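Here is a short briefing on one protein structure. Look at the model first, then work through the points below.

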Amino acid sequence: MTATATPFSADSPRPAIDYAGLGDRLRAYRIGAGLQADDVAAQLGVSRAVVYRMEKGEIVKIDTLERLAALLGTSMASLLGVETEYYASALALFERMRQLEEKSDRILAHFEPISLLLTSDAYLGHLGQMLYEGLPATLLADEATLRRREIARMLEVLQERRRDFALRKPQIVSLVGLRELERFVLTGLVGRVDLPAAVRAQRVQAACDEVLRMADLMDSEPWQVQVGLVDDAMPSATYQLLRGPQHHVLLHSPFRLGELPNVRNGIAMVTTSPEAVRLHENMTQTLWNAACKGREGARRLRALVARMATALPSPPVTAYPDTP
């Protein structure tokens, strides 16, 4: 991505109804609602096979769509993908991201503190710990069980996203905020802050390891991965721009998978609005142009970890030395 490059154009023609996309959205909303295909079939009075055919993009009657929208807690417009889809469920959003990413050849990403697709193999294990730790202590037993099942399903979908990314290797351009990384290292991979000191130190080390992994990526500069380190205020809303042969999509997410994660509260948006896509492309280009890249970016990340290590309580955090 050069200073003059345009990531992609949002002006490509689109079909009036994308039946395959409609099927994908049905599946995402169903998963987000915690429903099995059998549950939907029973509510609609059809067979499970019919539900699966609908999710593969076979034509759905309008009255069936209306009933599906009501059952899944969404609108006809969102099901049809009329420019904007809304997701109140992080699980539904993650499934929709998985669908779009597996059909994309380029991803422009800004997530706090880093894109999940670029984290280490150990990160999902830490994320699971953080999500379980963050469950409210006031939950009743039945609700706590449901939340834990939802978290387990989220981790499965996130693992599928990572696995597909590793196999397909689409190009990804990731914008990373230096200030967000400072908070990430100081806080550590925790779901709450009132953890024993020894556990907190381990989680801080895990956060440092992720930042140093990113430094290694910036040093090696694999052809399909570009990372830009931004020493400025970043957008408060995280987003992805995804391009594939038949889609140019903007995804806005209020959900966070870093320190003190949030997968419960917020409304995510997926849109094909040309104006929204264009404005985010332009902002991404501006941030990219000012970002620190390559070996200089890697040096700054290692310096960040070394500097933060001196400010942290014992036991000390192992860090790479600052290199010229």
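The lining of the second largest cavity divides into six nonpolar residues, no polar ones and two charged ones. This is a predicted model. The cavity's volume is about 50 Å³.

**The second largest cavity**
- Its lining consists of Leu26, Arg30, Val40, Val51, Met54, Glu55, Leu68 and Leu72.
- Helix H1 (19–32), helix H3 (48–55) and helix H4 (62–72) each supply at least two lining residues.
- H3 gives the largest share, three residues.

**The largest cavity**
- The structure holds four cavities of 30 Å³ or more.
- The largest has a volume of about 180 Å³.
- It is lined by 18 residues.
- Phe111, Glu112, Ile114, Leu116 and Leu257 lie nearest its centre.
- Nine of the lining residues are nonpolar, six are polar and three are charged.

- Seven strands form an open sheet with mixed pairing, in the order S1-S7-S6-S5-S2-S3-S4.
- Strand S1 (84–87) and strand S4 (225–230) are at the edges with a single partner strand each, so one side of each has no neighbour in the sheet.
- From one strand to the next, the twist averages 15°.
- S3 (residues 171–177) and S4 run parallel, joined by six bridges.
- Gly177 has Val230 in S4 as its bridge partner.

**Helices across the sheet**
- Helix H9 (residues 178–187) lies across S3 and S4, at about 75° to S3.
- Helix H11 (residues 274–290) lies across S2, S3, S4, S5, S6 and S7.
- H11 runs at about 110° to S5.

Notes: Residues numbered from 1 in each chain as written. Predicted model: local features only at pLDDT ≥ 70, side-chain atom pairs only at ≥ 80, totals over all residues. Heavy atoms only, no water. Pairing = 2+ DSSP bridges. Helix = DSSP H or I, 4+ residues; strand = E, 2+ residues; numbered from the N terminus. Axes fitted to C-alpha atoms, helices over the stretch in contact; angles between N-to-C directions. Contact = heavy atoms within 4.5 Å. 1 Å grid on protein atoms, 1.4 Å probe; cavity = no way out; pocket = protein on both sides within 12 Å on 5 of 7 lines; lining within 4 Å. Points joined across faces, edges and corners; volume = space filled by probe spheres on them. Nonpolar A, V, L, I, M, F, W, Y, C, P; charged D, E, K, R; others polar.
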